[in-house]
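Take a look at the structure below. This briefing covers two of its interfaces.

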Amino acid sequence: MAIKIKLFANFREGRGKIVEMDYTPGMTGQDVIDSLGITAPEIAALIVDGVDGKVDAMLAVPIKEDGYMAIFPPVAGG
Amino acid sequence: MFGYMGKILRVNLTTNEVTTEDLDFELAKKYIGGRGLGTKLYMDEVDPQVDPFAAENKIVFINGPLSGTATPTGGRYMVVTKSPLTGCIASSNSGGEWGAYLKYAGYDAIIVEGKASLPVYLSIDEDKVEIVPALDLWGKMVSETSDLLQEKQPGSKVLTIGPAGEKLSQMAAIMNEKDRAAGRSGVGAVMGSKNLKAITVKGSLKPEIARPDGLKAVTKECRTLLKENGVTGGGLPTYGTAVLVNIINEHGVYPTKNFQGGQDPDAEAVSGETLTEKYLIKRNPCHHCPIGCGRWVKSDKSPDGIGGPEYETLWVFAGDLGIDDMEVVIDANYWCNELGIDTISAGATLAAAMELYQRGYITDEMLDDDVILKFGNADSVVHWLKKMGNREGFGDLLARGSYRLADFFGVPEYSMSVKKQDLPAYDPRGIQGMGLQYATSNRGGCHVRGYLISPEILGLPEKLDRFDLAGKEVWAKVFQDLTAVIDSTGLCLFTSFALGAQQYADMLNEVLGTDWSAEDVLLAGERIWNLEKLFNLEAGISSEEDTLPPRFLEEEMPDGPTKGWVHKLDELLPLYYKERGWDEDGIPTEERLEKLGLL
């Protein structure tokens, strides 16, 4: 099974819009960003399987077997 | 007098009189400028129950003490009047250059009163001020009007209305530099009601600064903070406000089809990333702005480029209409600018019309064999915008905004509006603090009176649980008060992604020679918020209108990460009133008003 990582804004540079990764039991958001070369302080917002929260907390949440993550750098507007 | 130019220009269009008055420096400092001082000047002269289109109504154009200084983004101006859309106080602001140029012409504010017998425009070149016949401009689009006036007065900045303002559409905007809009609350129609087509400003005067060396230092500090901040130094310059499309959509609060859903599988087509990759020609910054979020984009119909679109515009002509075609959005943006219409209210009214068509209230016969107003029908957008702006056929009804449209059919609940002003691009069911902010906004449905999206979605300055109610009344009050401060300085709200109350106090202190703390300026913000509330109450807008459309209170979000949620306004509103020091009916108490210096 693979999980889907959705990337946005400058996180797409050199990585693309969507990255698929092989699922391994117990893998977390931290494992994902480590493999993508993204550090926690670069992330402003993070969604794991449809749930958002504080970045540090969400990075520790196990991803579902067919799950997804959405990772955002600091963005805003209005 | 430091910071201010010390002069107010008064223009009576009934008598053709132009006079100048000294600015009361102490009054100005109490209300800062812009939104705060403009509201105070307006309220001191106008009966809150005035008909917005009556000659007795007035309209104030005002910059802030930081406008035209070296501070970052100091080019904004505010338009204060009574809104023909909401009946509330309207303070609609715009960027570009016009606000700074009003100061260079030597004025802190223009108060326009009365009504011209025939169309006119106002020409300002420092002390030379003329009311000029404008019959030749009446009926012309915004860019043609701007070009003609710049030919007559080279070097000036032009503010004008389009056909929508002339024809008193409640969603008419005031445009400056062709593509910058004081878009909300129908302020363009108040200009139109006075037969005032445009105002040109020109000058080379500069305000005196109390502590120039101090201002230089604090400006450098603020520019550094803006540059080093991930939003103001990265996301906004690179992608513009359009970068919000994906993040709002991924959280399931991106309204689709008149807020019937919260997630659009095709939103990427109109995202900031797509806009940057395929349509962006260059950035299009406002006066003295180091952020530069403005866009200059091309499309098939506009190969040389046009200004825009912003996030709200992208959403309202895409997800909200079920279309998702960037070419359609850019074309719609162009026509809104040309006709002088608020993009949010225009698109939201089309969305409401499409839901009314979906539910059988609007029928093919009513449209008189015209293009069908149906979700997903891309051909309908510009077609109906033109009819709306020119008030032709069914477009005459659309020009009144979604509330009056839905109310005409006896179902106002299908208008996604607060106090008759159409809501922007965030579904409150999944952003509880933002919903509270919508409900309590003094100018009706609005995102820029307290942008709770920052903490609830974007994680700025810290991430809050967007569904949790705890403390949201405190966040709403602080954001509303700080926004009232920023709107009064003459700076752009987007600076607040990097700057805090202390930096605004520091800039004001160096310019004005004051010694305000962060708490002092926030108190001024609270004073301004309460002043606006008092106007609304005296205008007959009771706190019963501090509410949301029933859809958000009763219908669970049907899809996406916000599925199953409604907005819990009934729990939050009493807490908010208490936090503001108001009584349980939402009326400011004497004790609070006395503390704020409003009694």
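The contact between the two chains takes 30 residues from chain B and 22 residues from chain A, where contact means heavy atoms within 4.5 Å. This is a predicted model: local features need pLDDT of at least 70, side-chain atom pairs count only at pLDDT 80 or more, and totals for chains, interfaces and linings use all residues. Residues are numbered from 1 along each chain as its sequence is written, chains are lettered from A and ligands numbered from 1 in the order in which they are written, and side-chain values use heavy atoms, with hydrogens and water left out.

**Chain B and chain A**

- Chain B and chain A bury about 2,000 Å² between them, 59% of it on carbon and sulfur atoms. Buried area is the accessible area (1.4 Å probe) that two parts lose on being put together, summed over both.
- Five salt bridges cross this interface. A salt bridge is a side-chain nitrogen of Lys or Arg within 4 Å of a carboxyl oxygen of Asp or Glu.
- One of the salt bridges joins Lys17(A) to Glu268(B), at 3.8 Å from N to O.
- Eight residue pairs are in polar contact across the interface of chain B and chain A (both at pLDDT 80 or more). A polar contact is a pair of N or O atoms within 3.5 Å; within protein, one must be able to donate a hydrogen and the other to accept it, and residues adjacent in sequence count only if both atoms are side-chain atoms.
- On the chain B side, helix H8 (231-239), helix H9 (244-250) and helix H18 (453-458) each give two or more residues. Helices (H or I, at least four residues) are DSSP runs, numbered from the N terminus.
- That side of chain B has 14 nonpolar, eight polar and eight charged residues. Ala, Val, Leu, Ile, Met, Phe, Trp, Tyr, Cys and Pro count as nonpolar, Asp, Glu, Lys and Arg as charged, and the others, Gly among them, as polar.

**Domains of chain B**

- Chain B is assigned domain 1 (7-202), domain 2 (240-410) and domain 3 (428-595). The bounds come from an automatic or database domain assignment.
- Domain 1 of chain B gives 34 residues to its contact with domain 2 of chain B, which gives 31 residues.
- The C-alpha centres of these two domains lie 26 Å apart.

**Domain 1 and domain 2 of chain B**

- The two domains bury about 2,400 Å² between them, 51% of it on carbon and sulfur atoms.
- One salt bridge is counted here. Arg184(B) pairs with Asp342(B), with the closest N and O atoms 3.1 Å apart.
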